[in-house]
Amino acid sequence: MNNMREIWGTRFVHYMTELQKYLKYVFTGHLAIVLVFTIGAGGYAYSEWLKDVPANFPVAYITAILIGAALAYSPPVTLIKQADTVYFLPLEKQMESYLSRALSWTTFSQLPLPFILFIIVLPLLSATETGSKIVYIWIAVFILVFKWIFVETEYYFRHALSGRWVWLDRTIRFLLISILLVVLLSYNPLIIVPIVIIIGIYCVYWRNVKSKKPFPYDHFIELEQNRMMAFYRFANYFTDVPHLKGSVSRRAWLGFLTRPVKLESAVAQSYLIKRTFIRTDDIFWLWVRLTAIAVVGTFFIPFPIVIFIFAGALAFASAVQLIYALRSGYEFRMDMLFPEREDTRPGAIRKIVRKVQWIQAGFVLIAALYFYGISLTPFLLLAIILLISEITIRYTGEKKEAY
C-alpha cells in the first residue's frame, strides 16, 4: 500500500517538474500582455453588453451547457507508463491506493475551469434576476461534489469498457447535470432529488461493472500519452520540446505558394521558411486559429475600442509565436546545404511573418467592413494590426543560437 503511494508521489513530483519546465517559457511577458489585453477587452465588452441584456435571455440554459460540459469532461490523470504493464502486475491488488490518489489529483486539477465559468456567468444571472444567492451557493456546492463524482464515474466507465464509448458516457452525464442546473435555476427543488439519485446510481453501477474487469493498461497508457503530447504541442509554440515530433502535411491546395525557385535566385532561405510555415501543422494551424479568432471577434464584438485591443493582442501573439516557432530547430536543416550566409535566415523569417500578418490583417479588414461598413473603424483596425505586427517583428529578441 505504502509502496504504491510512494510511486504516485514520485511520479507526481516528476510530472509537476516537467510542467514547470515548459510553463516558464509559455507564461512569459509576451503571453501576459496578450492575456491582459484580451481579458480586459472581453471584460469591457461583457460589462457593456450586460447593461442591455434582455430579461428573457436564456441564461439558465447557457449556464447549464457551459458548466455541464466542464463537469462532464473528466478524463482521469493516472500518470501510468508503458513499463507499468509489467511492473504493476504483481502489485495490482494495491492499485486502488495508487488510483485513489490519481483521481483525487484529477478532481483538484479540473475544478478551476467550472468555477471560472460559474464566476463569469454570475453577473449575467444577476442581471437577468435568474436564481438567488442561496441557489448560487448550491451551484458552487454541486460543482465541487459532481466534479468528484464525474471523475470517478469516467474512470469506472473507461476501466469497464477499456476506453470504448466514452463519448456516450459523457453525453449522459452532461444531460443529467445540465438538467439539474436548469431545474435548480428554475426553482423546482422537488425534481432535483430524483436527478441526484440517478447520477448516484449511474456511478455505482459502473463501479460494480469495473470491479469485475482487469485493469486496461493499454487504454490508460494511451490516454496518458495523448494528454502529455497535447501539452507538449502547446508548449512547442513557445519553446523547443526535444522529444516532440511535429506532424507535417503537404497541403497541395497551397502548392502555388511554393513553386520551385530558379537556381540563380538567392532566395533559398525564404523558399524553405515559406515551406516550413505552410507544411508544419503546429505552426500553420496556430496562425489559422489566431486569425479565425480575430475574425470571429470582429463579427461579434460591437465596441470599436474593444475590437482594437482584441485584434491588436492577437496580432502580437501571432507575430511573436510565428517568429519563435520558425527560429526553432537545432537539428540539421536543409538550408545548411545552401551556400548562403547564416545571417540571411533571420531576415527571411521576418519577411515571411510580415507577409502572413498582412494576410491576417486582410481577413480582419473584410470582417470589419462587413460589420461596420465603409468607415474609419475598419481601416483604423487594419492600421493597428499592421503596426503592432511590424513592431513585434522588428523588436522581438534575436535567438542567434538557433541559426
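The model is predicted, so local features need pLDDT of at least 70 and side-chain atom pairs count only at pLDDT 80 or more, while totals for chains, interfaces and linings use all residues. Residues are numbered from 1 along each chain as its sequence is written, and side-chain values use heavy atoms, with hydrogens and water left out.

Helices here are DSSP runs (H or I) of at least four residues, numbered from the N terminus. Helix H8 (residues 166-185) packs against helix H9 (residues 189-210) at an angle of about 160°, with the axes 9 Å apart; axes are lines fitted to C-alpha atoms over the stretch in contact, and angles run from 0 to 180 degrees between N-to-C directions. H8 is therefore roughly antiparallel to H9 (an angle over 145 degrees).

Helix H5 (residues 95-110) holds Thr106, which counts as buried because its relative accessibility is 0% (buried means under 20% relative accessible area, exposed over 50%, partly exposed in between, with a 1.4 Å probe and protein chains only). The Thr106 side chain reaches the backbone nitrogen of Val77 at 2.9 Å.

Most residues other than glycine have a negative phi. Leu79, however, has a positive phi near 60°, and so does Glu129, near 55°. Leu79 sits in the loop between helices H3 (59-72) and H4 (84-87) and is buried, at 7%. Glu129, in the loop between H6 (112-127) and H7 (133-161), is exposed, at 70%.

Conventions
Helices (H or I, at least four residues) and strands (E, at least two) are DSSP runs, numbered from the N terminus. Angles under 35 degrees count as roughly parallel, over 145 as roughly antiparallel, 65 to 115 as roughly perpendicular and the rest as oblique. A polar contact is a pair of N or O atoms within 3.5 Å; within protein, one must be able to donate a hydrogen and the other to accept it, and residues adjacent in sequence count only if both atoms are side-chain atoms.
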